Amino acid sequence: MATIREFTAEDTLALQEIWNGIIKEGKAFPQLEYLEDSEAYSFFSGQSYTGVAEGEAGEAIGFYTLHPNNVGRCGHIANCSYGVSPSHRGNKAGQALVEDSLRKAKELGFTLMQFNAVVASNLPAMHIYEKIGFVKLGTIPGGFLYSDGRYVDIILYYFDLQTI
């Protein structure tokens, strides 16, 4: 399983490549625009916390960005985005990232983690979330637009951080 550590400036290019690769795949992140060189460091350093999955050689192989799901009276609910490089998927880096993000969210004072748009075809992610104990709230039919023009369902999940 990957080691998880805090983001540093040296991770910027690797995380930007992973992020943009996921956007190019068009099957998980809602963004349409790539993260540009001029904004990548600010984006990753501007989160409440960015965790980095480190491979055996010390390279960044994945990440999570942790931030409030909303503002004000809903600011106690966290949200996260996760990304793992294609060559390291299936090696438990994603699970390590999710588990670390839950601990970090609780440490930062969040009481819940909520996912607003887990694409229903992202079975590996859903398996991790359900294995860890996320509660499935429901499905929004056709809530995500694949890059090929098809609409697919999205699923909402939450996790009570007070249980860890």
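**Figure 1. Overall fold of the predicted model.** Read along the sequence, the protein chain runs through the pattern β-α-α-β-β-β-α-β-α-β-β, which amounts to four helices and seven strands. The radius of gyration of the protein chain is 15 Å, close to the 15 Å that the globule rule gives for 164 residues, so the chain is as compact as a globular protein of that length. The coordinates shown here and in the views below belong to a predicted model. Along its principal axes the C-alpha trace of the protein chain spans about 40 × 40 × 30 Å, and 43% of the 164 residues count as buried. Of the contacts between residues at least 6 apart in sequence, 60% join residues at least 24 apart. The protein chain exposes about 8800 Å², and 52% of this area is supplied by carbon and sulfur atoms.

Figure 2

Figure 2. Strand β6 pairs with strand β7 (residues 151-160) in the antiparallel sense, over seven bridges. Within this view, Leu145 has Tyr151 in β7 as its bridge partner.

**Figure 3. The nonpolar cores.** The largest nonpolar core holds 30 residues, of which Tyr82, Met113, Phe115, Tyr129 and Phe134 touch the most other members. At least two residues of this core are supplied by each of β2 (49-54), β3 (60-68), β4, α3 (93-107), β5, α4 and β7, and the largest share, six residues, comes from α3. Apart from this core lies another, of 13 residues, with Ile22, Ile23, Phe44 and Phe63 among them.

Figure 4. Leaving aside neighbours within four places in sequence, Thr65 is in contact with Phe43, Phe44, Gln47, Tyr49, Thr50, Asn79, Cys80 and Ser81.

**Figure 5. Asn20 in helix α1.** Asn20 lies in helix α1 (residues 12-25), and with a relative accessible area of 16% this residue is buried, the limit for that class being under 20%. When neighbours within four places in sequence are left aside, Asn20 is in contact with Tyr34 and Leu35.

**Figure 6. Ser45 in helix α2.** Ser45 has its place in helix α2 (residues 37-45), and at 36% relative accessibility this residue counts as partly exposed. The C-alpha atom of Ser45 is separated by 19 Å from that of Val98, and the two residues are 53 residues apart along the chain.

Notes. Residues are numbered from 1 along each chain as its sequence is written. This is a predicted model: local features need pLDDT of at least 70, side-chain atom pairs count only at pLDDT 80 or more; totals for chains, interfaces and linings use all residues. Side-chain values use heavy atoms; hydrogens and water are left out. Buried means under 20% relative accessible area, exposed over 50%, partly exposed in between (1.4 Å probe, protein chains only). Two strands pair if DSSP finds at least two bridges between them. The radius of gyration is taken over C-alpha atoms; the globule rule is 2.2 Å times the number of residues to the power 0.38. Contact means heavy atoms within 4.5 Å. Accessible areas come from the Shrake-Rupley method with a 1.4 Å probe; for residues, only the protein chains shown count as cover. A nonpolar core is a set of buried Ala, Val, Leu, Ile, Met, Phe, Trp, Tyr and Cys residues joined through side-chain atoms within 4.5 Å.
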